[in-house]
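These are my notebook entries on one model.

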Amino acid sequence: MTNPRFFALVPAAGVGERSGAGMPKQYVEIAGRPMLAHTLAALAEVPRLAQTLVVLSPDDERFEAALPGYAGWVARVGGASRAESVLGGLAELRRRGAADDDWVLVHDAARCLLRPEWVDALIDACQHDAVGGLLAQPIADTLKAGDAGGRVTATVDRRDKWAAQTPQMFRAGLVQRALAALGAAATDEASAVEALGLAPRLVRTSMGNFKVTWPEDFELARRLLENK
């Protein structure tokens, strides 16, 4: 039996409506390069990754101009939801030879401050795990539940709460089955695996691995990338 391989899958088919950028946020320049270029550069520095697949929207016309010479795999099979895009990417990995037992590390294009050592830590923690796992950060802030009017309805106990990050690492066969079962309700791969009754491993990492989402996040990401 051959050793399982490790593949990265980066869904980049979204439009980034919350960012206020007026364009798909993965192509917004931060510290002189498109956000997506920073993300892919970090993954390229992880020697154990056999290949990285970028999943784009079928009508994406920006990628080649924004990232000229990109040497990884690209597939325009993205869907309307994250789950659809990841499922499309998984099917493409299968067409390119990925097996059920190979590991797939799904990573948000907008987590552009990713460091190779964080990916290595996830692989080290999960490569022999029966389920797989994800990078995550324990919640430090007090959590409030709110109503539609913007008023607090409850204070939520934070003691066992974690903020899920990416990459999220699962066997190709397992995560494909999980996402197909849960569908668009899956906000991340771990939630789909949890719906099968399994418990992914939480691998603690830095809050620096944040997802660029709101307009003010771009400036923070720029400052951090320029001072790496």
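I looked up the partners of strand E7 and found four bridges to strand E11 (residues 201-204), the two running parallel. I count strands as paired if DSSP finds at least two bridges between them. Strands (E, at least two residues) and helices (H or I, at least four) are DSSP runs, numbered from the N terminus. The model is predicted, so I took local features only at pLDDT of at least 70 and side-chain atom pairs only at pLDDT 80 or more, while totals for chains, interfaces and linings use all residues. Residues are numbered from 1 along each chain as its sequence is written, and side-chain values use heavy atoms, with hydrogens and water left out.

Ala 136 has Arg 204 as its bridge partner in E11. E7 also pairs with strand E10 (residues 162-171), antiparallel, over six bridges. There I noted Ala 163 as the partner of Gln 137.

Next I checked the second largest pocket. I used a 1 Å grid over the protein atoms alone; a pocket is an open set of points with protein on both sides within 12 Å along at least five of seven lines, and lining residues have an atom within 4 Å of a point. Its volume is about 340 Å³, taken as the space filled by probe spheres set on the points, which are joined across faces, edges and corners. Of 14 lining residues, Gln 137, Pro 138, Ile 139, Ala 163 and Met 207 lie nearest the centre. E7 and E10 each give two or more residues to the lining, and E10 has the largest share, three residues.

I then turned to helix H1. It is largely enclosed by the rest of the structure, because eight of its ten residues are buried. Among them are Met 35, His 38 and Thr 39.

Which residues touch the most other members of the largest nonpolar core? I found Leu 36, Leu 40, Leu 43, Phe 63, Leu 105 and Met 169, out of 28 residues. Such a core is a set of buried Ala, Val, Leu, Ile, Met, Phe, Trp, Tyr and Cys residues joined through side-chain atoms within 4.5 Å. Elements giving two or more residues to this core include helix H1 (35-44) and strand E6 (103-106). A second, separate core has 24 residues, including Val 104 and Val 106.

Last, I looked at Ser 81, in the loop between strand E5 (73-75) and helix H3 (82-95). Ser 81 is buried, at 17% relative accessible area.

How values were computed:
Buried < 20%, exposed > 50% of the residue type's maximum accessible area, 1.4 Å probe, protein only. 1 Å grid on protein atoms, 1.4 Å probe; cavity = no way out; pocket = protein on both sides within 12 Å on 5 of 7 lines; lining within 4 Å.
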